[in-house]
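Colleague: Could you take me through one part of this model in detail, saying where it sits and what surrounds it?

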Protein chains: 2
Amino acid sequence: MRATVLVRPKHGILDPQGEAVESSLRQLGFAVAEARVGRLVDVEIDGDDPATVRRQLERMCEQLLANPLIESYEIELAAG
Amino acid sequence: MRATVLVRPKHGILDPQGEAVESSLRQLGFAVAEARVGRLVDVEIDGDDPATVRRQLERMCEQLLANPLIESYEIELAAG
């Protein structure tokens, strides 16, 4: 089963990369109020049961993919 | 209007960060067939018309957010 994990800096956590992107976008003439930068991980994982796969992905996030102190994560399972 | 831009390494492009994540997940005992790492940018942008906002985001991607030679991008406009 395919899944995408989205990892974002939590609200209130400084995001220097996002600030740099925001400033560059403005310099290019775009009317941007805010930009925040996170990362995504596309995972192909053994298993067909969505609930089981989601639990595994949550454990991956807690153990490796995200830093729960400063980052939030969102799990999207591919349909089909 | 809020939007999220997802940027991923194109198929066939080496992704050392993804390989490292894949290998670490396996060492942690997860049955992962593949992992690819990309990034995401959450943008708050002036404008209410989805078509106009999408065109602006495409220009942002071409000019700054993605490297079209080696990366593909996907634009998700927030509903409402």
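Modeller: This is a predicted model, and I will begin with Gly38(A), which lies in strand β2 of chain A. Gly38(A) counts as buried because its relative accessibility is 11%, where the cut-off for buried is under 20%. Apart from its neighbours within four places in sequence, Gly38(A) is in contact with Val7(A), Arg8(A) and Pro9(A) of chain A and with Arg39(B) and Leu40(B) of chain B. Arg59(A), by comparison, is 21 residues from Gly38(A) in sequence, and the two lie 19 Å apart in space, C-alpha to C-alpha.

The buried residues in α2(B) are Val53(B), Gln56(B), Leu57(B), Met60(B), Cys61(B) and Leu65(B). They cover an arc of only 150° around the axis, which puts them on the same side of α2(B). An α-helix has 3.6 residues a turn, so residues three or four places apart point the same way. As for its length, α2 of chain B, residues 50-65, spans only 19 Å between its end C-alpha atoms, whereas a straight helix of 16 residues would span 22 Å at 1.5 Å a residue.

On confidence, chain A has an average pLDDT of 96, with 99% of the residues scoring at least 70, and the model as a whole scores ipTM 0.93 and pTM 0.94.

Note on methods:
Residues numbered from 1 in each chain as written. Chains lettered and ligands numbered in written order. Predicted model: local features only at pLDDT ≥ 70, side-chain atom pairs only at ≥ 80, totals over all residues. Heavy atoms only, no water. Helix = DSSP H or I, 4+ residues; strand = E, 2+ residues; numbered from the N terminus. Expected span 1.5 Å × (residues − 1). Buried < 20%, exposed > 50% of the residue type's maximum accessible area, 1.4 Å probe, protein only. Arc of directions from axis to C-beta. pLDDT = per-residue confidence, 0-100. Contact = heavy atoms within 4.5 Å.
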